[in-house]
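Welcome! Please take a look at the structure below, and then we can walk through it together.

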Amino acid sequence: MSRARQLKHKRVIEIEPTAPFNFDTTFHKPDHFPTSDNAWEPGVRWQTMLWQGKCLGLKFENRGTIAQPCVRLSIWSKQKLNRALVDGLITEITFRYNLQLDLAEFNRRFRADPQLGPIIRKWRGMRTFSAGSLYEYLIIAIMLQNCTVRRSVNMMQALYEKYGAVLKFDARTFYCMWSPEEIDRATEQELRGLKVGYRAKSIQRVTAAFVVNGIDEIELRGKSREEQRNTLLELYGIGPQSVGYILFDVFHHWDAMDHISPWEQIIYSKLFFSRNAEKPVSADRLMRLFAKRFSGYRMLAVHYIWEDLFWKRQHAKIEWLEKLIRL
DNA sequence: CATCAGGGCCCTG
DNA sequence: CAGGGCCCTGAT
């Protein structure tokens, strides 16, 4: 395990997201499986970030309102950061958290939808985010495959303990992501020792794609959705389900919905057709419904409804859902 | 104790 | 294009 690094240098910046802006539903997603690189409580999110080869500690605090948003960002680092690096970091964070997103059209188009309208009003200004890089998201996507949430948590933790850095800042301790180069020389057996099973090979091959082939995330952002999709599908261990998440969360395609997996199909059947798990609606029929109701914003619309469900679950157990997600 | 399927994907036939 | 195999783990 890596030695803990105390991050002593701190600087504070204020960011003004576009209004309306909902801090908590943007900076915390209760459906994400918990990882030890971040924490949240109302009005505050902590996380680590590997940026330009530096391990950083970040703290976001809500200093505004929905109509007049303001986010105070504290950045901890081992050494003092230069201006250019900080500027680049702010740009990147603004992108990853969609802080400049204009939701006006989305809000206007769906405010009359009987199901989505009330949720838009409740969570006005909610965005999506991908806190880490494309590489980090790919690793998480691999950890999600074919296992329960608890196992995903255990595997990710084992990887952090072996390859991540331990950062201390703001009187807290978190793990920070490794770079592809740091894990590139790990053997399949070494990875299997962390009980990731056959996913070891996917980790190796995806990592190699960044180290050897030099996948450039920033460049990929400029490509079309189809080009992005094809590039991602070429990666070993990355299929349509993982790509679907990435096109939405990492590349911000609000209409990206090419694939509905079985467990999502069951949840959608309940949410949109009041069907129980024994008699789910076909994926095709769900697709037709979304195309008709939410065209142009299919995934974002579903995300709002989905997140609303998982926020409710924070306060009260939802019996039918508990059975499906199996923590 | 044994058995099984899980928040996919690859590979084979 | 359908279906078996893959790792490990918790549920039964």
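**A first look at the model**

E217 counts as buried, at 12% relative accessibility (buried means under 20% relative accessible area, exposed over 50%, partly exposed in between, with a 1.4 Å probe and protein chains only). This is a predicted model, where local features need pLDDT of at least 70 and side-chain atom pairs count only at pLDDT 80 or more, while totals for chains, interfaces and linings use all residues. Residues are numbered from 1 along each chain as its sequence is written, chains are lettered from A and ligands numbered from 1 in the order in which they are written, and side-chain values use heavy atoms, leaving out hydrogens and water.

**Salt bridges**

- There are 17 salt bridges, each a side-chain nitrogen of Lys or Arg within 4 Å of a carboxyl oxygen of Asp or Glu.
- E217 pairs with R221 in one of them, at 3.1 Å from N to O.
- Both R221 and E217 sit in helix α10 (residues 217–221), four residues apart, about one turn of the helix (helices are DSSP runs of H or I, at least four residues, and strands are runs of E, at least two, numbered from the N terminus).
- K59 and D170 form another, with their closest N and O atoms 3.1 Å apart.
- K59 is in strand β5 and D170 in the loop between β7 and β8, so this pair ties together parts 111 residues apart in sequence.

**Around DNA strand B**

- Of the 19 residues around DNA strand B, Y198, G237, G239, S242 and W263 come nearest (near means a heavy atom within 4 Å).
- A side-chain N or O atom of S242 is 2.8 Å from a phosphate oxygen of DNA strand B.

Note on methods. A polar contact is a pair of N or O atoms within 3.5 Å; within protein, one must be able to donate a hydrogen and the other to accept it, and residues adjacent in sequence count only if both atoms are side-chain atoms.
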